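Subject: Structure handover

Hello,

Here is the structure I promised to pass on. Please open it alongside this message; my notes follow below.

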Amino acid sequence: MTSRTVKSPTAKSWLPYVVLVAAAVTLDQWVKYLVETGLPFQEKVDLVPFLALYRTYNTGIAFSMFSSFGDTGLVVIAAFVVAFVLYLAARTPPSHVLTRIGFALIVGGALGNLFDRVTYGHVIDYILFHTPIWSFAIFNLADAFIAVGAVVVVLDELIGWRREAKPSSD
């Protein structure tokens, strides 16, 4: 008689989200590698009139906030955020697929930036939206994953809230 390992339904239900986190981190790190090895430092490379590549380093969090916290402080903050999002994801019912996707994107982006901070002491940023008189903060793919993930979580919660608020017509 052979013994067979039975996977718990919980572990299996998390597999797609773990794969999404791994894919986000891998893609983020691969693009950052390409940027580091092929893009000149702090030289704007226009792609289209409003979008450019511009490699720079962020020693803070979003928009360089909290750069005075130092590497250790920012690593602790990032690790806390990842742990908190994982806690929220674990408490999210399996039927809330979009919310779980959003959490996976947030965690993948946060881990991508956390890897940079631990490895280099800064985060590699390279995407610049701009006009001739205005420019948005320079960011990276991990930041985009975090932002999109947050929007997905909020939208799914709003949709769920509206769904629950509608009276049933019996």
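Asp46 and Lys44 form a salt bridge, with 3.8 Å between the closest N and O atoms. Keep in mind that this is a predicted model. Asp46 has a relative accessible area of 48%, so this residue is partly exposed. Lys44 also counts as partly exposed, because its relative accessibility is 45%.

How many salt bridges does the structure hold? There are four. The background is simple: side chains of opposite charge can pair when their charged atoms come close.

Next, look at Lys32 and Asp116. Their side chains meet in a salt bridge, 2.8 Å from N to O. Lys32 sits in helix H1, residues 9-38, while Asp116 sits in helix H3, residues 97-120, so the pair ties together parts that are 84 residues apart in sequence. Are these two residues buried or exposed? Lys32 is buried, and Asp116 is buried too. This pair also belongs to a network: salt bridges link Asp28, Lys32 and Asp116.

Helix H1 also carries Glu36, the partner of Arg55 in strand E2. In this salt bridge the closest N and O atoms of Arg55 and Glu36 are 3.0 Å apart. Strand E2 covers residues 51-58, so the bridge ties together parts that are 19 residues apart in sequence. Arg55 has 10% relative accessibility and therefore counts as buried, the cut-off being under 20%. Glu36 has a relative accessible area of 28%, so it is partly exposed.

Now the sheet. Three strands make up an open sheet, in the order E1-E2-E3, and the pairing is antiparallel. Which strands are at the edges? They are E1 (45-48) and E3 (123-129), each of which pairs on one side only. On average, neighbouring strands in this sheet are turned by 35° against each other, direction ignored.

Take E2 and E3 in more detail. They pair in the antiparallel sense over six bridges. To find your place there, pick Ala52: Leu128 in E3 stands opposite. Helix H3 packs on the sheet and touches both E2 and E3. The direction of H3 makes about 130° with that of E3.

If you have time for one view, show H3 with its two links. On one side, H3 packs on the sheet.

Best wishes

Key: Residues are numbered from 1 along each chain as its sequence is written. This is a predicted model: local features need pLDDT of at least 70, side-chain atom pairs count only at pLDDT 80 or more; totals for chains, interfaces and linings use all residues. Side-chain values use heavy atoms; hydrogens and water are left out. Helices (H or I, at least four residues) and strands (E, at least two) are DSSP runs, numbered from the N terminus. Buried means under 20% relative accessible area, exposed over 50%, partly exposed in between (1.4 Å probe, protein chains only). Two strands pair if DSSP finds at least two bridges between them. Axes are lines fitted to C-alpha atoms, for helices over the stretch in contact, and angles run from 0 to 180 degrees between N-to-C directions. Contact means heavy atoms within 4.5 Å.
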